[in-house]
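Open the model in your viewer and keep the selection panel at hand. Each stop names what to pick next.

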Amino acid sequence: QGQGSTGPQSLQPVQGGFRTGFLVGISNPKDIIFFAAFFPQFIGISPNLDLSLVILTISWIVLDFLTLSLVYLGFQRLSGSQLYPHLLGLCGLILLMVALYGIYSIFS
């Protein structure tokens, strides 16, 4: 608990959650690349533009949900294994090497 806390605090709903989520979603590079790569292909699949856009949107929702579900399930399984701390150390080492290479390339 934080400083000066006298007891349990209740959570208050935050306004603007949909707008914030929408802005994060449309600024996501993965989603931008998806729409840039697949949007032109969906324009002419049906004589009705609205139907084409509905098919594109449903495809995006299904693929995005499957991708995020696979990442979640993979992380959940991996985080419970004994390999997890070693994998975190390896990732940290790789990031450190990338940072050192970046510093080296700036000054050379």
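The tour goes from the whole chain to single side chains.

**Ground rules.** This is a predicted model: local features need pLDDT of at least 70, side-chain atom pairs count only at pLDDT 80 or more, and totals for chains, interfaces and linings use all residues. Residues are numbered from 1 along each chain as its sequence is written, and side-chain values use heavy atoms, with hydrogens and water left out.

**Whole chain.** Show the cartoon. The protein has four helices and zero strands, in the order α-α-α-α from the N terminus. Helices are DSSP runs of H or I with at least four residues, strands runs of E with at least two, numbered from the N terminus. Switch to a surface. Of the 108 residues, 6% count as buried. Buried means under 20% relative accessible area, exposed over 50%, partly exposed in between (1.4 Å probe, protein chains only).

**Helix H3.** Select residues 49–79. How far apart are the end C-alpha atoms of H3? They are 44 Å apart, which agrees with the 45 Å that 31 residues should span at 1.5 Å a residue. The expected span is 1.5 Å times one less than the number of residues. Now pick Ser52, Leu56 and Asp64, the buried residues of H3. Step back to Asn48. Asn48 caps the N-terminal end of H3, with a side-chain oxygen 3.0 Å from the backbone nitrogen of Asp50.

**Aromatic pair.** Select Phe75 and Tyr84. A search of the whole structure finds one aromatic pair. Phe75 and Tyr84 form it edge-to-face, 5.9 Å centre to centre with 80° between the planes. Rings of Phe, Tyr and Trp (its six-membered ring) pair if their centres lie within 6.5 Å; planes under 30 degrees apart are stacked, over 60 edge-to-face, the rest tilted. Phe75 is partly exposed at 47% relative accessible area. Tyr84 is also partly exposed, at 21%.

**Last stop.** Select Ile103 in helix H4 (residues 84–107). Ile103 is partly exposed, at 46% relative accessible area.

Definitions and conventions:
A polar contact is a pair of N or O atoms within 3.5 Å; within protein, one must be able to donate a hydrogen and the other to accept it, and residues adjacent in sequence count only if both atoms are side-chain atoms.
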